[in-house]
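Subject: Structure handover and notes

Hi,

Here is the structure I promised to pass on.

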Amino acid sequence: MVQVNADYLKLKAGYLFPEISRRIKDFTSKNPDTDLIRLGIGDVTEPLPLACREAMKAAIEEMGTEEGFRGYGPEQGYHWLRESISKNDYLSRGCEISADEIFVSDGSKCDSSNILDILGKDNKIAVTDPVYPVYVDSNVMTGRTGEVNESGEYHGLSYIPINSENGFEAEIPKEKFDLIYLCFPNNPTGAVATREKLSSWVEYAKQNNSLILFDAAYEAFIKDDSIPHSIYEIDGAKDCAIEFRSFSKNAGFTGTRCAFTVIPKSLKGKANSEEVDLWSLWNRRQSTKFNGVSYIVQRGAEAVYSKEGQVQIKKLVSFYMENAEIIKKNLTSAGFEVFGAVNAPYAWIKTPKNITSWGFFDFLLEKANVVGTPGSGFGAAGEGYFRLSAFNSRENVEKAMQRILGA
Ligand SMILES: *Cc1c(COP(=O)(O)O)cnc(C)c1O
């Protein structure tokens, strides 16, 4: 019989979203007429910006002509899109990131897990707690951890708590880690990293020869001008950080699929005590295992940087951030302790009277018919917290607030 990858068997069984679905199904089968409002999933709800749609339609027509037809594109992405990203997301903010350091892909979820392909198995790895589950599970699947304990922590991974006691800023570790995952603005807590904090991380990484994997999927939601949008706004980050970006949240591409990863050419790692540059390994990896993003979708992504595109995505982001404001204002006035929701589309709520995250989930489901996400599903330190997302219609957000306040 064929051998399977036994590391998959270490994955925690009761994974977050299936458990949420199970409880919703259970509730709706007993209460078939309830109209539930879902503020749970991290998916956008507003339609695609017009500029992106028009660009994609034009690209489809082009593909229908002899001259405009295209087959396989470059595995790294079309040069015009990489140039546009370099100019608009990096050079404009003073970051010297060139087009060929940008690798276009079909998502940050896959990039942030696939990156392990080019990294050794014996690195000491740290994640924050709570955390985006993809970082943890991809380490489990590739055999980089041991078994899970009762609080959901995997042996061999280190967890850096982010909670109200440390102002939701992960503290710089005293220990040396080779690989550190950071996500700011943070999913699920909505916390941001100040310039000072990010500078300390870069300094730590340089001192310890560590690599930071920086997920900036939510940078477009930053309102406060003093918060960096990219880790490369910090001097020295080009020597110690990879950045993941996506069009999923800023331009509503969750179903359209386009993202990119930045691997500066100056990034070095080692193999058999020799220095190797990470850019070449990732370039090799992508060329072998990936055939690029659809031409049509890349034209859609390029349109994000057009004049109209910029206006439209700003409007989209503001819409969600107004939702976030409504959530924060209402719940705060009702006496809840609410974090995040200022520079990120997530409100991170302290559960009242020390009830557990799942206890609060059941309470909101049954008494307010509102679905959120239990903080404990993102890690042991998320226990006692609850995430509500701003990705919904205005009507649903307002209705959900009325229901929670009345519950
Ligand atoms: C939504 C999200 C992404 C984006 O993933 P895609 O695969 O590009 O859609 C990346 N990181 C985090 C933390 C996210 O929440």
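Contact here means heavy atoms within 4.5 Å. By that cut-off T373 touches L16, F17, I20, G40, F378, F386 and R387, leaving out residues up to four places away in sequence. T373 sits in strand 14 (residues 373–374); helices (H or I, at least four residues) and strands (E, at least two) are DSSP runs, numbered from the N terminus. T373 counts as buried because its relative accessibility is 0%, where buried means under 20% relative accessible area, exposed over 50%, and partly exposed in between (1.4 Å probe, protein chains only).

Before you load it: this is a predicted model, with local features needing pLDDT of at least 70 and side-chain atom pairs counting only at pLDDT 80 or more, while totals for chains, interfaces and linings use all residues. Residues are numbered from 1 along each chain as its sequence is written, and side-chain values use heavy atoms, with hydrogens and water left out.

**Annotated binding site**

An unreviewed UniProt entry lists Y15, G42, K109, Y132, N187, N291 and R387 under "binding site". These residues span 373 residues of sequence and are also spread in space, up to 36.0 Å between C-alpha atoms. Y15, G42, K109, Y132, N187 and R387 are included in the lining of the largest pocket. UniProt positions are in the numbering used here, feature names are shortened, and annotations may be inferred rather than shown by experiment. As for the pocket search, it ran on a 1 Å grid over the protein atoms alone: a cavity is a set of points where a 1.4 Å probe fits but cannot get out, a pocket is an open set with protein on both sides within 12 Å along at least five of seven lines, and lining residues have an atom within 4 Å of a point.

Y132 is in the loop between strand 3 (125–129) and helix 5 (133–141). It is partly exposed, at 21% relative accessible area, and beyond its neighbours within four places in sequence Y132 contacts K109, N187 and D215. N291 is in the loop between helix 7 (278–289) and helix 8 (295–302). Its relative accessibility is 44%, so N291 counts as partly exposed; N291 touches Y72, G73 and E75, again not counting residues up to four places away.

**Around the ligand**

- Y218: a polar side-chain atom is 2.6 Å from a ligand oxygen.
- S248: an N or O atom of the side chain is 2.6 Å from a ligand oxygen.
- K109: a polar backbone atom is 2.9 Å from a ligand oxygen.

**Salt bridges**

With a side-chain nitrogen of Lys or Arg within 4 Å of a carboxyl oxygen of Asp or Glu as the rule, the count is 21 salt bridges. One of them pairs K10 with D7 at 2.8 Å, N to O, and K10 is buried at 14%. In helix 1 (residues 16–30), E19 and R23 lie four residues apart, about one turn of the helix, and form a salt bridge with the closest N and O atoms 2.8 Å apart. E19 is buried at 17%, whereas R23 is partly exposed at 21%. Shared partners join E19, R22, R23 and D362 into one network of salt bridges.

Best wishes

Key: Polar contact = N/O pair within 3.5 Å; in protein donor to acceptor, adjacent residues only side chain to side chain.
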